[in-house]
Amino acid sequence: MIGRRLVSRLAGLGHIVAIVDDLSSGLPMPADAAVAHRCDIREEREMLALMGDFRPDGIVHLAALHHIPTCEIDRRRCLDVNVLGTETVLLAASEARVARVVLASSGAVYRWADGPLQEETSPTQAMDNYALSKLSNESQLRLWCERSAATGRIARIFNTIGNDDPNAHLLPDLLAQLEHADADLVRLGNLDSRRDYLHADEVAGGLLAILADTRPEPLDVFNLCSGEEHSVERLVNCLATCLGRSIRIEIDEKRRRRFDRASQLGDPTKAYALLGWRAQLGLQGILNRLLAEMAPA
């Protein structure tokens, strides 16, 4: 969902882009890539060969299991793909003498707290298996930078929305429940949870800005976030406005997350100050773009 948008932007700028994807999400390979390899990132020999053949100047590492309920249910696979897979990517990057790696991390790595989460001052703490894997990835990248004398950048990506989201996140679930024109009821669990939302196009732009960061710091971290947070109930009401429909909410106890952070609000100040990047759509703009993308051609 994010990677295909980044590939399109990179290709549009004249870069030669290679993709490694196992296609487990069900989405096809992006059409804009010069080279496309179907491969599991845990396959060490294949990754070494692919990286050695292509010799990339930089890598954007987006491959991961990131649907949090799935990561909790299948804990071992989550850590296998996200942690051991990342180690294989970094090993291949070292062998190919790659100069720069951008890692997709998550706003989920921050300790649960109210108020804007800042890269330099807000503490991190894994509160679920996905966050554990991403905190591990950040440490892996730091160690890789120290070993290889290369440059690493970490993108802590907050809640991303796109029309081609292959996972059962909140928006795809809502739209599936509202698929029929006469449907006006959605069943939800946690209504008060507040999140910082971005469109996938904006995240791709943020990753492009991070990839282009030429400062000499060997490792740095950036929030990709909007600096605004919205509750689930607020999201539903805004979606109703965009659709021009009334939507009723019914609490479904089976959908409640037993442990769910109340707030996940990012501070985007650093990304704007150092990279010139910031999210601009706002919640209604994100939803309007999503609905326009989903409209029949």
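Reader: Which residues of helix α1 are buried?

Author: The model is predicted. In this model helix α1 covers residues 3–12. An α-helix has 3.6 residues a turn, so residues three or four places apart point the same way. The buried residues of α1 are R5, L6, V7 and L10.

Reader: Against which elements do the buried residues of α1 pack?

Author: The partners include strands and helices. Among the strands are β1 (18–21), β3 (58–61) and β9 (197–199). The helices are α7 (200–211) and α10 (282–294).

Reader: Which residue just after α1 takes a positive phi?

Author: The phi angle there is about 95°. The residue that takes this value, just after α1, is G14.

Reader: At what angle do the axes of α2 and α4 cross?

Author: Two packed helices are described by the angle between their axes and the distance between the axes. Helix α2 spans residues 44–54 and helix α4 residues 75–95, and their axes come within 9 Å. The crossing is right-handed. Its angle is roughly 35°.

Reader: How many nonpolar residues does the contact of α2 with α4 have?

Author: From α2 the contact takes E44, M47, L48 and M51, and from α4 it takes T88, V89, L91, A92, A93 and E95. By class, 1 of these residues is polar and 2 are charged. The nonpolar residues number 7.

Reader: Is α4 roughly parallel or roughly antiparallel to α5?

Author: Helix α5 (residues 129–148) packs with α4 at an angle of about 15°, and the axes are 10 Å apart. Angles under 35 degrees count as roughly parallel, so α4 and α5 are roughly parallel.

Reader: How many charged residues does the contact of α4 with α5 have?

Author: The crossing of α4 and α5 is right-handed. Residues of α4 in the contact include R75, C78, L79 and N82, and those of α5 include Y130, L132, W144 and R147. By class, the contact has 9 nonpolar and 9 polar residues. The charged residues number 3.

Reader: Which residue of β4 stands opposite H61?

Author: Strands of a sheet pair through backbone hydrogen bonds, either parallel or antiparallel. Strand β4 (residues 100–106) runs parallel to β3, and 4 bridges join the two. The residue of β4 opposite H61 is L103.

Reader: How many residues of β4 are buried?

Author: In a regular strand the side chains alternate between the two faces of the sheet. R100, V102, A104 and S106 point one way from β4, while V101, L103 and S105 point the other way, and all are buried. The count for β4 is 7 of its 7 residues.

Reader: Why does V101 count as buried?

Author: V101 touches I59, L90, A93, L141, W144, T151, G152 and R153, leaving aside residues up to four places away in sequence. Buried means under 20% relative accessible area. V101 counts as buried because its relative accessibility is 2%.

Reader: Which strands stand at the edges of the open sheet of 3 strands?

Author: The sheet has the order β11-β8-β13, with mixed pairing. Each edge strand has a single partner strand, so one side of each is left without a neighbour in the sheet. The edge strands are β11 (230–231) and β13 (263–264).

Reader: What is the bridge partner of R195 in β13?

Author: Strand β8 covers residues 194–195 and pairs with β13 in the parallel sense over 2 bridges. The partner of R195 in β13 is Q264.

Reader: Is Q280 buried or exposed?

Author: Q280 is placed in the loop between α9 (269–275) and α10. The cut-off for exposed is over 50% relative accessible area. With a relative accessible area of 66%, Q280 is therefore exposed.

Reader: What distance separates the C-alpha atoms of Q280 and L10?

Author: L10 is one of the buried residues of α1. Along the chain, Q280 and L10 are 270 residues apart. Their C-alpha atoms are separated by 21 Å.

Notes. Residues are numbered from 1 along each chain as its sequence is written. This is a predicted model: local features need pLDDT of at least 70, side-chain atom pairs count only at pLDDT 80 or more; totals for chains, interfaces and linings use all residues. Side-chain values use heavy atoms; hydrogens and water are left out. Axes are lines fitted to C-alpha atoms, for helices over the stretch in contact, and angles run from 0 to 180 degrees between N-to-C directions. A crossing is left-handed if the near helix is turned anticlockwise from the far one by less than a right angle, and right-handed if clockwise. Contact means heavy atoms within 4.5 Å. Ala, Val, Leu, Ile, Met, Phe, Trp, Tyr, Cys and Pro count as nonpolar, Asp, Glu, Lys and Arg as charged, and the others, Gly among them, as polar. Angles under 35 degrees count as roughly parallel, over 145 as roughly antiparallel, 65 to 115 as roughly perpendicular and the rest as oblique. Buried means under 20% relative accessible area, exposed over 50%, partly exposed in between (1.4 Å probe, protein chains only). Two strands pair if DSSP finds at least two bridges between them.
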